[in-house]
Amino acid sequence: MPWIVGVSGASGTPYAAAVLRALLEAGEPVDLVVSRASRLTLLDETGISFRDAHWRDDLREWLARGADGKPDSFPVDVTGVRYWSAGDLAAGPSSGSYPVRGMLIVPASTACVAGVALGLSKDLLQRAASVTLKERRKLVVAVRETPLNGQTLRHLVALDDAGATVVPTSPAFYAGATHIQDLVDFVAGRVLDAAGVEHRLYRRWQGELGGGEATRKT
């Protein structure tokens, strides 16, 4: 069964790319939903236009790009991806009878968080998230905003109460990051940890001080 990956309009498209690459590397099939707002963010952050009619080529170009913007930084095979248009409310993920393992929203904008918390289902991304919650499947929400106001905090608490896992896109530095990609991969790895997907995106804490510094020197 696939994982649904929803990409909303918040800044942070490298996080989504890292999660998608890791899922595919782990042999996990993916159902991808890219919101209309996220296409603007993707264009702004990478220069890539994501088009329904050419989604395979556009996705391949996006996932091959590093967090530093360099093209062809990663080998990519997108044969494990099934793409659904955000406006297609008759798509498979809109129904609870459509079998999936769960859903990851990376990144999640405050508008997306509010829509899912309130059950608005204004597009396929929000509808799929609502279905994930009602079917008691795993929902991981990687919220990307700062600072957070009281309204958004209340929405995040509502999602937690409904069974979702909220993962702030907050990188840590104990893993010995030496590159922007390392910081992105840490967040992507924590998203996958919350989903229970194995990966090798960052050095885990081993209970020994100085491990990050030692990693930087090797």
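This report walks through a predicted model, from its overall fold down to a few well-covered pieces.

## Overall layout

The protein has 8 helices and 6 strands. Going along the sequence, they come in the pattern β-α-β-α-α-β-β-α-α-β-α-β-α-α. For a chain of 218 residues, a compact globule would have a radius of gyration near 17 Å, and the protein's 17 Å agrees with that. Along the principal axes, the C-alpha atoms fill a box of roughly 50 × 40 × 30 Å.

Buried residues account for 50% of the 218. Among contacts between residues at least 6 apart in sequence, 71% join residues at least 24 apart.

## The sheet

The 6 strands form an open sheet with parallel pairing, and their order is β3-β2-β1-β4-β5-β6. At the edges stand β3 and β6 (165–166), each with a single partner strand, so one side of each has no neighbour in the sheet.

How many residues of strand β1 (residues 3–7) are buried? The count is 5 of its 5, so to speak a mostly covered strand. In a regular strand, side chains alternate between the two faces of the sheet. Here, Trp-3, Val-5 and Val-7 point one way from β1, while Ile-4 and Gly-6 point the other way, and all are buried.

On one hand there is strand β2 (residues 30–34), which pairs with β1 in the parallel sense over 5 bridges. Within that pairing, Trp-3 has Val-30 of β2 as its bridge partner, and Gly-6 has Val-33 of β2.

Leaving aside neighbours within four places in sequence, Trp-62 is in contact with Val-7, Thr-13, Ala-16, Ala-17, Leu-20, Leu-42, Thr-46, Ile-48 and Phe-50.

## Helix α7 and Val-191

Helix α7 (residues 180–195) is where Val-191 sits. The helix has 16 residues and reaches 23 Å from its first C-alpha to its last, close to the 22 Å expected at 1.5 Å a residue. Its buried residues are Gln-181, Val-184, Asp-185, Phe-186, Val-187, Ala-188, Gly-189, Val-191, Leu-192 and Ala-195. What covers the buried residues of α7 includes β1, α1, β4 and β5. After the helix comes Gly-196, with a positive phi near 80 degrees.

Is Val-191 buried or exposed? Its relative accessibility is 0%, so Val-191 counts as buried. Which residues is Val-191 in contact with, leaving aside its neighbours within four places in sequence? They are Val-19, Leu-104, Val-106, Val-140, Ala-142 and Val-167. Thr-79, by contrast, is 112 residues from Val-191 along the chain, and the C-alpha atoms of the two are separated by 22 Å.

## Helix α5

Why can helix α5 (residues 124–134) be called largely enclosed by the rest of the structure? Because 9 of its 11 residues are buried. The buried ones are Leu-124, Leu-125, Gln-126, Ala-128, Ala-129, Ser-130, Val-131, Thr-132 and Leu-133. Just after α5, Arg-136 takes a positive phi of about 60 degrees.

Definitions and conventions
Residues numbered from 1 in each chain as written. Predicted model: local features only at pLDDT ≥ 70, side-chain atom pairs only at ≥ 80, totals over all residues. Heavy atoms only, no water. Buried < 20%, exposed > 50% of the residue type's maximum accessible area, 1.4 Å probe, protein only. Helix = DSSP H or I, 4+ residues; strand = E, 2+ residues; numbered from the N terminus. Pairing = 2+ DSSP bridges. Contact = heavy atoms within 4.5 Å. Expected span 1.5 Å × (residues − 1). Rg over C-alpha atoms; globule rule 2.2 N^0.38 Å.
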